[in-house]
Amino acid sequence: MKLIKAAVLGASLIFVAATSHAGETFDAVKKKGFVQCGFHTGLPGFSIADSKGQWTGIDVDICRGIAAMVFGDATKYKATPVTTQQRFTALQSGEIDVLTRNTTATMTRDTTLGLMSTGINYYDSQGVMVSKNLGVKSAKELGGAAICVQPGTTTELNLADWFRSNKLEFKPVVINSPDEAMRSYVAGRCDAYTTDKSGLATIRSTLNNPADHIILPEDFSKEPLGPMVRQGDDAWFMVVRWVLNTMLEAEEYGITSKNVDEMAKSPNPNIQRILGVTGEMGKGLGLNNKWGYNIIKQVGNYGESFERNIGMSSAMKLERGLNAQWRNGGLMYGWPIR
Amino acid sequence: MAKNSPPSKAPRRRLSWNDPGTRSLIYQVLILGIVGFGVWFLVSNTLHNLAVRNISTGFGFLNREAGFAIGESVIGYSPADTYGRAIWVGILNTLRVSIVGIIVATLLGTLLGVARLSKNWLVSRVAGAYVEVMRNIPLLLQLFFWYAIITEIMPGPRQALNPMPGVFISNRGLKLPTLQGDGLDWILGGLAVAIVAIVLLGHWGKKRQEATGRIFPLGRWAAGLIIIFPVAGWLLGGAPLALELPELKGFNFTGGLTLTPEFAALLAGLIIYTSAFVAEVVRSGIQAVSQGQWEAAAAIGLPRSRVLRLVILPQALRVIVPPMTSQYLNLTKNSSLAVAIGYPDIVSVVNTTLNQTGQAIEGILIIMAAYLTVSLSISVFMNWYNKRIALVER
């Protein structure tokens with residue numbers, strides 16, 4: 001059971017010797033020669049392993065970006081699939097170096113778990129999916145409904161909050177395994193199924209008749225998803241933060257994995273700095289100036305990662321929406337590399 | 001005896017390594033010290049590690065608002081209540097399914113155990129097959145099976161089966177009418193009076209039988225009393241009782257009593273699985289009583305049913321009770337598999353709590369404390385019962 005793993009990880013907190021000094025994670029990562037990333041155990045488009053054990057997804061791309069930035073080789077990472085219950089303990093106890101696992105950044109998590117969010121790589125929201133033949137057009141018509149939900153996230157809380165603020169009643173059916181929860185919804189035990197909207201789209205694509213189910217327009221919550229690191233190592237925090245920003249900046253300036261070599265000849269000073277043609281941008285992190293080039297060459301920019309994993313060219317078929325570049329009306333706004 | 005024997009001078013105790021008493025004392029102190037140090041080290045190291053990592057600790061979160069909803073509850077609960085109350089709801093849900101499960105599994109298991117010893121070939125073979133099949137299928141699989149049966153085969157709430165007025169069967173569970181109003185208290189009062197009366201009558205009947213040899217037909221009297229007193233209470237209270245019928249409103253039924261699919265599936269799984277073990281315990285207990293007891297009882301003219309009840313079972317119970325205690329403990333702990341099919345037991349509720357608060361160590365401690373308390377209570381009760389029925393040596 002998942003609890004057992006949680007208990008074991010908890011026990012590791014009991015037994016590990018208490019040592020802590022600044023830079024310990026970054027130093028340890030450089031020393032062992034790879035980065036240990038915590039992934040979702042299997043969420044198509046975000047992080048999922050194929051039959052050969054190759055991981056793909058936008059969360060995986062952040063991890064690969066970190067490996068490319070630190071080692072110049074995007075394959076120098078190791079995956080630790082973690083469940084919702086295990087993820088924070090795994091990061092707290094040092095079993096993983098960074099949690100890249102569609103995790104919502106919240107104040108409680110930042111202030112009481114000893115962890116820090118480093119940025120947002122997907123702006124999501126919690127929604128609800130219903131069967132079309134229920135004839136429901138809005139979540140406000142769901143008063144009295146039974147709703148299937150998976151434990152282990154803020155999902156249950158958001159659900160209860162939304163129904164409370166709209167003065168509606170509902171009955172939660174909390175089922176641990178995603179497959180069993182989905183089966184119950186399809187069998188009609190619940191009127192609705194709730195999780196993050198990206199997750200709903202993914203799940204709907206796996207149903208027998210995806211067209212029979214609709215995702216209602218209401219957003220129960222804001223779900224800014226992004227990587228997390230332990231507190232206490234600012235250098236490591238900055239590495240993770242700037243991988244994401246580099247990928248966003250690269251998209252904004254049109255640098256892709258295909259044209260990166262030509263772009264290096266560009267006269268644009270921003271592009272020159274990102275690709276390390278001019279400036280000493282890597283110095284502050286103790287890296288050489290090829291770090292930006294390595295990320296883009298081996299992983300690609302944010303837009304490429306999005307399209308490849310969850311965009312229109314993938315099975316997920318998610319719109320860019322909030323995750324478009326700020327110039328296109330989205331929230332993705334890379335911090336300047338200068 | 002001590003008075004008669006010459007006053008033996010107890011050798012003065014000296015602290016010597018050669019004295020076995022002293023040696024064992026030193027060993028015990030040493031081991032206690034090592035264990036104590038180990039516990040202190042683990043606790044202080046944990047607290048230090050948590051503090052270094054800026055992780056909140058303590059049980060203060062129990063007083064904070066929980067914010068999440070729970071599907072079913074014995075006591076009133078809303079998301080505005082505290083984590084403490086949410087966990088209490090989980091504990092009560094665990095107790096509810098465990099207590100009902102233990103009672104029904106005992107009855108069903110005893111029946112099966114006796115049936116397995118039946119002289120009727122068909123009855124004993126059916127009971128034997130049941131035991132062998134049910135105890136060899138993992139419980140988790142059985143739970144998934146029952147839950148899938150209930151949710152897949154039953155119709156939706158709008159097409160619910162309605163076998164009689166006020167009763168609905170759908171994939172949202174079994175809906176029954178409930179009684180509402182002040183009359184309920186009077187009926188429950190009458191029921192309590194009836195139970196006390198039956199216990200007293202039983203004592204009196206036993207005494208009279210010992211004195212006169214006449215058997216008191218307690219069963220018939222009990223059946224009468226258990227009906228008469230509640231009805232009398234209801235009439236005394238002025239019969240203010242209304243029937244609350246479940247009705248379809250929107251998506252689901254409102255009002256009435258609900259037996260949810262999750263509870264039903266968990267209960268069915270636990271009962272069917274555990275009763276197979278109980279049947280074997282009962283069978284082995286009965287077979288442990290020697291054949292001579294049957295023959296002796298038959299020789300004094302007792303009918304077979306009375307032989308079983310008065311001669312065999314009291315002796316068999318001494319063999320049955322200790323392993324039965326283990327089965328009860330197993331059933332209680334197995335109820336934690338509820339998380340797989342969505343019944344909000346203690347594990348499920350604490351799971352959600354520790355995900356929202358991030359206080360995993362405290363959460364696991366609460367689960368362990370809850371199960372330990374329940375298990376020790378069952379043990380204490382069963383040990384007391386075991387002593388009560390133990391063979392009184394005369």
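Predicted model: local features only at pLDDT ≥ 70, side-chain atom pairs only at ≥ 80, totals over all residues.
Start with the whole chain. Chain A holds 13 helices and 12 strands. Along the principal axes, the C-alpha trace spans about 60 × 50 × 40 Å. Of the 338 residues, 49% count as buried. Now take the contacts in chain A between residues at least 6 apart in sequence. Of these, 73% join residues at least 24 apart.

Next, a helix pair. Two packed helices are described by the angle between their axes and the distance between the axes. Helix 3 of chain A covers residues 58-71, and helix 12 of chain A covers residues 291-298. They pack at an angle of about 140 degrees, with axes 8 Å apart. Angles over 145 degrees would count as roughly antiparallel. At about 140 degrees, helix 3 of chain A is therefore oblique to helix 12 of chain A. The crossing is right-handed. Helix 3 of chain A contributes Arg64(A), Gly65(A), Ala68(A) and Met69(A) to the contact. Helix 12 of chain A contributes Trp291(A), Asn294(A), Ile295(A) and Gln298(A). The spacing on each side has a plain reading. An α-helix has 3.6 residues a turn, so residues three or four places apart point the same way. By class, the contact has 4 nonpolar, 3 polar and 1 charged residues.

Now turn to helix 6 of chain A. Of its 11 residues, 8 are buried, so the helix is largely enclosed by the rest of the structure. The buried residues are Thr155(A), Glu156(A), Leu157(A), Asn158(A), Leu159(A), Ala160(A), Trp162(A) and Phe163(A). What do they pack against? In chain A, the partners are strand 7, strand 8, strand 9, strand 10 and strand 12. Helix 10 (346-357) of chain B joins them. After helix 6 of chain A comes Lys167(A), with a positive phi near 55 degrees.

Chain A gives 44 residues and chain B gives 43. On the side of chain A, the elements that give two or more residues are helix 1, helix 4, strand 8, helix 6, strand 9 and helix 7. Helix 1 of chain A has the largest share, with 6 residues. By class, the side of chain A divides into 20 nonpolar, 17 polar and 7 charged residues.

Conventions: Residues numbered from 1 in each chain as written. Chains lettered and ligands numbered in written order. Axes fitted to C-alpha atoms, helices over the stretch in contact; angles between N-to-C directions. Helix = DSSP H or I, 4+ residues; strand = E, 2+ residues; numbered from the N terminus. Parallel < 35°, antiparallel > 145°, perpendicular 65-115°, else oblique. Left-handed = near helix turned anticlockwise from the far one by under 90°. Contact = placed C-beta atoms within 7 Å. Nonpolar A, V, L, I, M, F, W, Y, C, P; charged D, E, K, R; others polar. Buried ≥ 20, exposed ≤ 12 C-beta atoms within 10 Å, placed from the backbone.
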